[in-house]
Amino acid sequence: AFMKCSSEGTAPVIVFVSKMFAVDAKALPQNKPRPLTEEEIAHRRELVKRRHAEKLAANQGKELSEKPPHENSSEVTGNTGDMKGEEQQLTGQVEVMTSKAMKEEADNKESFIAFARVFSGVVKTGQKIFVLGPKYDPAESLHKLSSQCSATDDLPLVPHMTCCTLENLYLLMGRELEDLEEVPAGNVLGIGGLEDFVLKSATLTTSPACPPFTPLSFEATPIVRVAVEPKHPSDMPQLVRGMKLLNQADPCVQVLIQETGEHVLVTAGEVHLQRCLDDLKERFAKVQISVSAPIIPFRETITRPPKVDMVNEEIGKQQKVAVIHQTKEDQNKIPEGIQVDSDGLVTISTPNKQATLSVRAVPLPEEVTRLLEENSDLIRTMEQLNTSLNEDKRTHEINQKTLDKIKEFKQKLEQNLQGRKWRNAVDQIWSFGPRKCGPNILLYNFEGYKGSVWQCLGNTVKEVSKYRNFDNSIVSGFQLATLSGPMCEEPLMGVCFTVEKWEMNKVGELLSTTSQDSGECDAMEHEQNEDTTLTSSCTHEVCSASEHQDSGQSVPKSPEKISKHKGEVLLADCYGPFSGQLIATMKEACRYALQAKPQRLMAAMYTCEIMATAEVLGRVYAVLSKREGRVLQEEMKEGTDVFIIKAVLPVAESFGFADEIRKRTSGLASPQLVFSHWEMISSDPFWVPTTEEEYLHFGEKADSENQARKYMNAVRKRKGLYVEEKIVEHAEKQRTLSRNK
C-alpha cells in the first residue's frame with residue numbers, strides 16, 4: 001500500500017506525523033471572525049431594537065419613581081422596580097466579566113497542529129484511526145490483535161499504540177489554516193486535536209500491521225543544558241506545564257529532571273537556547289523564570305604516558321627537583337590496602353577480605369571509541385537480547401538483519417583492536433558502559449570464567465562456575481565507575497578496564513555453590529540490584545535477610561534454602577551483603593586504575609563555519625584564537641570576495657561568540673555552529689613542575705593558566721565537590737586603604 005500510494009477508499013490509510021507545532025488558538029479557522037449571513041444580520045437588528053426599547057422603558061420607570069409619592073402603594077412598587085433594575089445590572093456585569101475572562105483564556109491558549117503527510121488512502125474528518133509511537137513493534141503486537149481489526153473495535157492494551165478520532169484537518173496556506181473535509185494520498189496537511197496522543201512524531205494508520213516510521217534525525221545534537229526554575233516558587237506547576245508544551249512544540253529540544261531535582265533544558269546551541277527560553281516565558285509557561293549558567297558537558301579519559309615533558313625535553317633524562325617532585329607524589333597518594341604496580345595494575349580486596357580484584361585501565365584507540373559511539377543503539381539491542389536469553393524468554397526469534405549488523409560490528413572491532421596487547425580482546429568483552437551502551441569496555445582476563453556480550457550470536461554456553469552469581473556485581477561496579485570519573489564526576493570515554501584477577505575465598509565459593517543449588521533466586525536479585533547505588537542495594541538485601549530470619553522461625557524450609565541462607569549469613573556481615581561489597585570494590589578499583597594513568601579531560605567541540613570578507617579576516621582570527629578555536633581550512637568562494645573559514649571551537653568557549661564576532665567585524669562575518677565531536681584537551685589538569693628546566697621556565701607555582709584545570713575546577717565547583725585553590729596568596733602584602741594613602 002505504501003509503494004502504491006493509492007488514494008482509493010479501500011486502500012489502508014498511512015500518515016506520518018513528523019512534528020507538532022504550536023499555533024495561537026485565534027489563528028484556527030473555527031475561531032476566526034467570518035462574514036455574517038442575511039438572517040444573522042436581521043436577527044441581530046431585532047436584538048438591538050428590543051434592547052433599545054427596554055432601555056427607554058427603564059428610563060421612564062426611573063422618572064416616575066423620582067416624582068413625589070402620592071400613595072404608599074406607588075412608593076412600594078417604585079422601590080421594588082429600582083431593586084430589580086440594580087439586580088439585573090449586577091448580574092449583567094458579572095456575566096460580562098466571566099465571558100471576558102473565558103474569552104481571554106481561550107485567546108491565550110496554544111493549540112497544537114500535527115505536521116503530516118499522507119502516504120496511502122484518504123484521510124477524513126471524524127475518522128477513527130490507530131496512533132503508533134516510534135517504538136511500536138507489529139511483530140509483538142499482532143499476536144494480541146487480528147490484522148483485520150479496526151480502530152472502532154474494543155481492543156486490548158498494546159504498548160506504544162492508541163486510538164483517536166481525527167477532529168480537524170487543515171490546509172497549510174502560508175500563515176493561514178483552511179478547513180478540509182478529506183485529504184488524498186501524496187499531500188501535506190495539518191491535523192488538529194492530536195496533542196494528547198502524539199509527543200513529537202507518530203504514524204497514523206487504519207491497520208495495526210503497519211510498521212511505524214522512525215522519528216526524524218536532526219544534524220544539530222542537543223548539547224547546551226541549563227537548569228530552569230520559577231522566580232516565585234508558587235509558579236512551579238505552570239513552569240512544568242510550560243516545559244511539557246515546549247518539549248512537544250520543538251523537535252530538537254530535550255526536557256528532563258536530573259537526579260538533583262533540577263528541571264533541565266537541553267538545546268542545540270546558544271541561539272536555540274535563547275529562543276526556547278523566550279517561548280517558555282511568553283507563550284507556554286507565562287511566568288518569570290531564573291536560568292542557571294549553561295552546564296557544559298565534559299568527558300574524562302586516559303592517555304599514553306608522554307615521551308617529552310612540558311619544555312620538550314625527554315622524560316627521565318633530567319635532574320628532578322626533590323621538593324616539587326614530592327608534592328606531585330603526595331597528590332597521587334594511594335590509601336592503605338590498595339596495591340598499585342609500576343605498570344598501573346591495581347589490586348584491591350573487599351572489606352571482609354573474601355574476594356580480591358586486580359584491574360588495569362588502558363586507553364582505547366580513537367577508531368574504537370568512534371565505532372562504539374556510532375553503534376550505541378546496536379549495543380543496547382544486544383544487551384536486551386542477552387537479558388532475554390539469560391532469562392530464557394524466547395518470545396520471538398532474533399531478526400537476521402540485526403544478527404548480521406552485530407556480526408559486522410564484531411568484525412570491525414576485531415580489525416581495530418589488533419596487536420599483542422589486544423589479543424582475543426573482542427571475545428573477552430564482558431560489558432560496555434556507562435548505561436551498558438557507552439564508549440567504554442570491560443574485559444575479563446582470568447581463568448575459570450566464560451561470559452560474553454556476544455551471547456546473541458549463539459556462540460557461548462551457559463556458565464556454571466563459582467563466579468556466576470557475582471558477575472553482575474562486577475559489571476554494576478564498572479557501570480558506576482564509568483558514569484562518574486574521579487576528576488570531576490563526569491562520564492568516562494575511550495577507556496578499557498581489564499579484570500586480570502578475581503580470587504574468592506573459601507566462604508565466597510561456599511556461598512556461590514549453595515546459591516547455585518538453590519536455583520536462580522540469587523541471580524535475579526543481583527539483576528534487580530544493577531545500576532542502583534550501593535546504599536540502596538545494601539538496605540534491600542539486609543532487609544530481605546532479616547525477613548528470611550523472621551519467616552524462618554515459623555515456616556519450614558527446604559534443605560537447599562537453609563544452606564543458601566547459612567552462606568549468606570556468613571558473608572552478610574557488618575560490611576553489608578557480599579554483592580554490595582563487590583560493587584563498591586570494583587568501582588574503587590576502576591577509579592584507582594584510572595588515576596594510575598595520565599588523566600585528561602575531553603571537551604565537546606563545535607565545527608564553526610564563518611563567511612567573511614577579506615578586510616575582516618584578521619579580526620575573525622583574533623576572536624577564534626582568544627576562544628581556543630583552531631582553524632582547519634580557509635577557501636575563497638569563486639567569483640566573490642567572500643572567504644569561507646572552517647574551524648573547531650570548544651562548546652565551553654562558544655557563549656557570546658556569535659555576538660562578539662559580529663561586533664568586532666561590524667556584522668560582516670556570520671558564524672554557523674554545529675556540534676561535531678569530543679576532543680581531548682592536551683594539557684594535564686594535575687600538572688606541576690618537577691624538573692629544573694620546568695621550574696625555571698614556569699616558576700615555582702606554575703600559575704600560567706592551565707585550561708584543563710580551569711574547566712575541571714569550574715565543574716567541581718558547580719557540583720559542590722572539593723576544589724584545591726588558595727583563596728588568599730601573599731597575605732603579608734595586603735594593606736588597608738588608610739595605609740595606602
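Visitor: What makes the largest nonpolar core a core, and which members touch the most others?
Guide: A nonpolar core is a set of buried Ala, Val, Leu, Ile, Met, Phe, Trp, Tyr and Cys residues joined through side-chain atoms within 4.5 Å. The largest one has 48 residues, and I191, L194, L204, L265 and L280 touch the most other members. Helix α5, residues 270-284, gives the most to this core, with 5 residues. A second, separate core has 32 residues, including I348, Y449, F478 and L582. This is a predicted model, in which local features need pLDDT of at least 70 and side-chain atom pairs count only at pLDDT 80 or more, while totals for chains, interfaces and linings use all residues. Residues are numbered from 1 along each chain as its sequence is written, and side-chain values use heavy atoms, with hydrogens and water left out.

Visitor: What does L280 touch beyond four places in sequence?
Guide: Contact means heavy atoms within 4.5 Å. By that test L280 touches V228, L239, G242, M243, L246, L265, A285, K286 and I289.

Visitor: What is the burial class of T347, and why?
Guide: The relative accessible area of T347 is 12%, therefore T347 is buried. T347 lies in strand β17, residues 345-349. Its contacts beyond four places in sequence are G337, I338, Q339, T356, L357, S358 and K501. In the protein as a whole, buried residues make up 41% of the 741 residues.

Visitor: Why is α16 described as it is relative to α17?
Guide: Axes are lines fitted to C-alpha atoms, for helices over the stretch in contact, and angles run from 0 to 180 degrees between N-to-C directions. Under 35 degrees counts as roughly parallel, over 145 as roughly antiparallel, 65 to 115 as roughly perpendicular, and the rest as oblique. The axes of α16 (residues 617-626) and α17 (residues 657-664) come within 9 Å and cross at roughly 150°. Therefore α16 is roughly antiparallel to α17. The contact uses R619, V620, A622, V623, L624 and K626 of α16, and F657, E660, I661 and R664 of α17.

Visitor: What makes α10 and α15 a case of another angle class?
Guide: The axes of α10 (residues 471-483) and α15 (residues 578-595) come within 7 Å and cross at roughly 40°. That makes α10 oblique to α15. S473, I474, S476, G477, F478, L480 and A481 in α10 meet S579, L582, I583, M586, K587 and C590 in α15.

Visitor: How many residues of the contact of α10 with α15 are nonpolar, polar and charged?
Guide: Ala, Val, Leu, Ile, Met, Phe, Trp, Tyr, Cys and Pro count as nonpolar, Asp, Glu, Lys and Arg as charged, and the others, Gly among them, as polar. The contact of α10 with α15 therefore divides into 8 nonpolar, 4 polar and 1 charged.

Conventions: Buried means under 20% relative accessible area, exposed over 50%, partly exposed in between (1.4 Å probe, protein chains only). Helices (H or I, at least four residues) and strands (E, at least two) are DSSP runs, numbered from the N terminus.
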